[in-house]
Amino acid sequence: MKFRTCKFNEIKHLQNEDDRGIVEFNDGKNMIWFCADMSGDIAGCVALRILGKNKGRLNHLYVKTAFRKGGIASFLIHTLVRYAMTLGIKSIETTSKSSLFTKKFKFQPTGIEYKCSGRKLILEL
């Protein structure tokens, strides 16, 4: 498996997957996309949106059902964080209902919660 940057058109088909947990993608503008490439089959993706000079946002983490429980989400997040650091980003925010971000990646709750997307979290780099 290869983790790499990718173009939105490579992963936009995932928005049509009949799969629990998929979110509706926007057009992918102003985002840097990363994917898990299994010999041409995109197993998952995540996006980094640049919010400012030192701030980014983790968007659209998704792994196809057939590839879940294999650590792909973790590798995608690690790839995104390492890349963000090379850009000089000092903090990454996201929203999630999952404890994955707080337990594995040390994202901290901000005290803000949204009904549809969960808690707002931040990771200081």
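## Strand pairing

Strand 2 and strand 3 (residues 41-50) run antiparallel and are joined by 8 bridges. Strands here are DSSP runs of E with at least two residues, helices are runs of H or I with at least four, and both are numbered from the N terminus. Two strands count as paired if DSSP finds at least two bridges between them. The two strands form a hairpin with 2 residues between them, and Ser-39 in the turn has a positive phi of about 55°. Within this pairing, Trp-33 stands opposite Ala-47 in strand 3.

Strand 2 also pairs with strand 1 (residues 2-6), in the antiparallel sense, over 5 bridges. Here Trp-33 of strand 2 stands opposite Cys-6. Strand 2 (residues 31-38) is mostly covered, with 6 of its 8 residues buried. Buried means under 20% relative accessible area, exposed means over 50%, and partly exposed lies in between, for a 1.4 Å probe and protein chains only.

## Basis and confidence

This is a predicted model, in which local features need pLDDT of at least 70, side-chain atom pairs count only at pLDDT 80 or more, and totals for chains, interfaces and linings use all residues. Residues are numbered from 1 along each chain as its sequence is written, and side-chain values use heavy atoms, with hydrogens and water left out.

The chain has a mean pLDDT (the predictor's confidence in each residue, from 0 to 100) of 84, and 88% of its residues reach 70 or more. Over residues 19-24 pLDDT stays under 50, and the model has 13 contacts beyond four places in sequence for them. A contact means heavy atoms within 4.5 Å.

## Cysteines

The structure holds 0 disulfides, a disulfide being a pair of cysteine sulfur atoms within 2.5 Å.

## Helix 2

The buried residues of helix 2 include Ile-72, Leu-76, Leu-80 and Ala-84. An α-helix has 3.6 residues a turn, so residues three or four places apart point the same way. After helix 2 comes Gly-88, whose phi is positive, near 85°.
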